[in-house]
Amino acid sequence: MALSSKLNIARSPAADAALRTVRTETLGLAALEQALSGDLGAALEEACSLVEAASGRVIVSGMGKSGHIGAKIAATLASTGTPAFFLHPAEASHGDLGMVTAADTVIALSWSGETAEMKNLVFYSRRFRVPLVSITSRADSTLAQAADVALILPRVDEACPHGLAPTTSALIQLALGDALAIALLERRGFTAADFHTFHPGGSLGASLTHIRDIMHTGDRLPLAPLGMKMGEAIIQISQKGFGCLGVVDGQNNLVGIITDGDLRRHLNGDILNRRVDEVMTRSPRTIGPDALAASALESLNSASITALMVVENRKPVGIVHLHDLLRIGVA
């Protein structure tokens, strides 16, 4: 395609609109970053302390686009160690306020801070002393004034050319929610193992599976002692079916491994009468039982191998094969 044609595509009305949208929203994120370096950052610290001090859950609420963002924030909090759920403000006024207890914390989103549907939830939180965090752009709004902690967002231009459709404002609400969730995650010391507890499904859950949960152990382990003849070793490799054989010393420490590649390199000569010591690769690549499946996949790929011996205190306790990772959906 000619360069002029490419330039024409880049300058199409749709592309121009997309570029303006991204640029405007980028400026919004820059304004949020600046605000977090000042008063908003201090208020975020207060909000984290308020949530941590509560023994219950975080109830996130918002109307319209703020509601959609609030639902995502609740989901992110819940998946990163802070129990949370979304409460629709209109439904709250028709019985769902019963979901909110004094042990909970409410996070209410409203760009104007004057959303009528939020009134009953705010009143309920004040009546029963439920901690309230507001996310709004107006410090003088009803919502901000009622809150225990007000997270005041910077006033930004919407990407919508009419300045009406919530675009940049929704984006920075979401970014602030992510910032709050990650700050709480780090304060709680939430680990990858904890993350797996809440994400057992899909490729993400599979990648966070521990090696000890999928490795082969016991009689399935392909092992041979130092000094064994290669004729016997080859039979072991064939019977176990992993395409390799771990070699151990008198203390059962793993000292080497024999793979298909090692066999091919030593085919010349009388290989059957040689000892495993002469053929094995010393200091083989291994992995620990508490490592994640994602780490095993990286090791296999980087070394162009298909199996890893699982070792604990230098002693082989299992083996994991690429097929095991395929089976659980990691590879």
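Predicted model: local features only at pLDDT ≥ 70, side-chain atom pairs only at ≥ 80, totals over all residues.

**Getting to know the chain**

Reader: Which residues does Leu151 touch, leaving out those up to four places away in sequence?
Author: Residues are numbered from 1 along each chain as its sequence is written, and side-chain values use heavy atoms, with hydrogens and water left out. Contact means heavy atoms within 4.5 Å. On that basis, Leu151 touches Leu40, Ala43, Leu44, Ala47, Val133, Ser134, Ile135, Thr136 and Leu176.

Reader: Which residues touch the most other members of the largest nonpolar core?
Author: A nonpolar core is a set of buried Ala, Val, Leu, Ile, Met, Phe, Trp, Tyr and Cys residues joined through side-chain atoms within 4.5 Å. Buried means under 20% relative accessible area (1.4 Å probe, protein chains only). The largest core has 30 residues, and those touching the most other members are Leu77, Ile107, Leu151 and Leu176.

Reader: How far apart in space are Glu25 and Arg127?
Author: In sequence, 102 residues separate the two. From C-alpha to C-alpha, the distance between Glu25 and Arg127 is 38 Å.

Reader: What share of the chain's residues count as buried?
Author: The chain has 331 residues in total. By the under 20% cut-off, the share that counts as buried is 43%.

Reader: How big is the box that the C-alpha atoms fill?
Author: The box is taken along the principal axes. Its dimensions are roughly 90 × 65 × 35 Å.

Note on methods: Buried < 20%, exposed > 50% of the residue type's maximum accessible area, 1.4 Å probe, protein only.
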